[in-house]
Amino acid sequence: MIHVLFVCLGNICRSPMAEAIFRKLVYEEGLESKIKVDSAGIGHWHVGDPPHEGTKGILEENTISYEGMTARQLEEKDWDDYDYLIAMDDKNIADMKEIREEINVVVAKLLDYIPESEVRDVPDPFFTGNFQYVYELISVGCRELLEKIKKDHNL
Ligand code: 4NP
């Protein structure tokens with residue numbers, strides 16, 4: 001089993017959006033028995049909360065389920081339990097390094113999987129309000145990430 005964890009600051013906007021989109025892609029490829037997906041936040045402020053209304057809205061528009069998803073905080077143990085820790089921006093990466101340094105886990109930003117993208121960080125729609133743009137960026141990033149994982153693991 002390959003374990004993928006999406007990480008952002010609050011775990012209510014970007015990483016739950018990535019989790020829901022990626023899970024749908026995994027399901028469409030029939031890989032749900034091989035790839036497990038979750039998300040977590042650096043901060044504790046929204047622990048237990050469902051995704052933000054903006055994230056729920058854009059997922060509903062695109063018929064992507066977020067059923068049962070609630071925010072949780074990233075913890076040191078996640079480095080033991082996951083193979084890929086996929087962050088949204090440079091600040092997430094810096095915060096993650098404060099929690100744990102680990103060489104046997106892939107720690108990367110989602111948009112690293114789109115080498116041609118001029119945008120390197122997924123902007124935070126909690127502050128920008130632009131959930132549509134974030135949805136587009138995350139969708140492409142998730143598709144590329146899944147291709148990379150398939151290639152890495154001969155799936
Ligand atoms: P996210 O957005 O990291 O994409 O979930 C945020 C959500 C909440 C907060 C910050 C960012 N907050 O400060 O509460």
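Me: Leaving aside neighbours within four places in sequence, which residues is Ala20 in contact with?

Reply: Happy to start there: Ala20 is in contact with Leu59, Ile64, Ser65 and Met69, where contact means heavy atoms within 4.5 Å. Please keep in mind that this is a predicted model, in which local features need pLDDT of at least 70 and side-chain atom pairs count only at pLDDT 80 or more, while totals for chains, interfaces and linings use all residues. Residues are numbered from 1 along each chain as its sequence is written, and side-chain values use heavy atoms, with hydrogens and water left out.

Me: Why is Ala20 called buried?

Reply: Buried means under 20% relative accessible area, exposed over 50%, and partly exposed in between, with a 1.4 Å probe and protein chains only. Ala20 has 2% relative accessibility, so it counts as buried.

Me: What makes Thr63 exposed, and where is its place?

Reply: Its relative accessible area is 64%, so Thr63 is exposed. Thr63 belongs to the loop between α2 and α3 (78-81); helices are DSSP runs of H or I with at least four residues, strands are runs of E with at least two, and both are numbered from the N terminus. Thr63 also has a positive phi, near 45 degrees, and is not a glycine. Most residues other than glycine have a negative phi.

Me: How do you know that the span of α6 agrees with its number of residues?

Reply: The expected span of a helix is 1.5 Å times one less than its number of residues. For the 22 residues of α6 that should be 32 Å, and the end C-alpha atoms are 31 Å apart, so the two agree. At the start of this helix, a side-chain oxygen of Asn130 comes within 3.0 Å of the backbone nitrogen of Tyr133.

Me: What makes a set of residues a nonpolar core, and which members touch the most others in the largest one?

Reply: A nonpolar core is a set of buried Ala, Val, Leu, Ile, Met, Phe, Trp, Tyr and Cys residues joined through side-chain atoms within 4.5 Å. The largest has 39 residues, and Val4, Phe6, Phe22 and Ile138 touch the most other members. Among the elements that each supply at least two residues are β1 (2-8), α1 (14-28) and β2 (35-41), while α6 gives the most, with nine. A second, separate core has twelve residues, including Leu74, Trp79, Leu85 and Ile93.

Me: Which elements do the buried residues of α6 pack against?

Reply: They pack against β1, α1, β2, α2, β3 and α5 (125-128). Those buried residues include Phe131, Val134 and Leu137.

Me: Lastly, how many helices and strands are there, and why is the chain called as compact as a globular protein of its length?

Reply: There are six helices and four strands. The radius of gyration is taken over C-alpha atoms, and the globule rule is 2.2 Å times the number of residues to the power 0.38. For 155 residues the rule gives 15 Å and the chain has 14 Å, which is close, so the chain is as compact as a globular protein of that length.

Conventions:
Polar contact = N/O pair within 3.5 Å; in protein donor to acceptor, adjacent residues only side chain to side chain.
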